[in-house]
Amino acid sequence: MNIENAQKQVDDWIKNHGVRYFNELTNMAQLTEEVGEVARIIARRYGEQSEKESDKNKDLGEELADVLFVVLCLANQTGIDLQDAFEKKLDIKTKRDHNRHHNNQKLK
């Protein structure tokens, strides 16, 4: 699946099941909430905080998918071709960061 197809799948889902997109501000708040859920799992599972019993069955993949879904919603409703934007960003990062990362002693 590529990003373009994912955007279309989300748009089709919204049209068939979601009635309409939440407005951009609501989706931004929802994105923040979903990222917080990812952070909670990572902090407790991989960080130094102890994992609460109620968090042990949380699925990190499912929470990351929630983040992706809302990002795709925001891209759709603001007219962003996320496939194109991602490819451009990857090109920029490749040109800018290749030598920097290879020369970073902290990464050796």
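Let me begin with Arg 44, which forms a salt bridge with Asp 55, their closest N and O atoms being 3.5 Å apart. Bear in mind that this is a predicted model. Arg 44 sits in helix H2 and Asp 55 in the loop between H2 and H3, so the pair ties together parts that are 11 residues apart in sequence. Arg 44 counts as buried, at 16% relative accessibility, and Asp 55 counts as buried too, at 6%.

Now take Lys 56, which pairs with Glu 53, again with 3.5 Å between the closest N and O atoms. Here Lys 56 is partly exposed at 43%, and Glu 53 is exposed at 62%.

Further along, Lys 88 bridges to Asp 84 at 3.1 Å. Both are in helix H4, residues 82-102, 4 residues apart, which means about one helical turn between them. Salt bridges with shared partners also join Lys 93, Arg 96, Asp 97 and Arg 100 into one network. The count of salt bridges comes to 11.

On to the core. Which residues make up the largest nonpolar core? There are 7: Leu 31, Val 38, Ile 41, Leu 60, Val 67, Val 70 and Leu 74. Helices H2 (24-45) and H3 (60-77) each give two or more residues, and H3 has the largest share, with 4. A second, separate core has 6 residues, including Ala 6, Ile 14, Tyr 21 and Cys 73.

Last, the record. An unreviewed UniProt entry lists residues 23-100 as "domain: NTP pyrophosphohydrolase MazG-like". In the model, that span is 76% helix and 0% strand.

Conventions: Residues numbered from 1 in each chain as written. Predicted model: local features only at pLDDT ≥ 70, side-chain atom pairs only at ≥ 80, totals over all residues. Heavy atoms only, no water. Core = buried A, V, L, I, M, F, W, Y, C linked by side-chain atoms within 4.5 Å. Buried < 20%, exposed > 50% of the residue type's maximum accessible area, 1.4 Å probe, protein only. UniProt positions renumbered as here; feature names shortened; annotations may be inferred. Salt bridge = Lys/Arg side-chain N within 4 Å of Asp/Glu carboxyl O.
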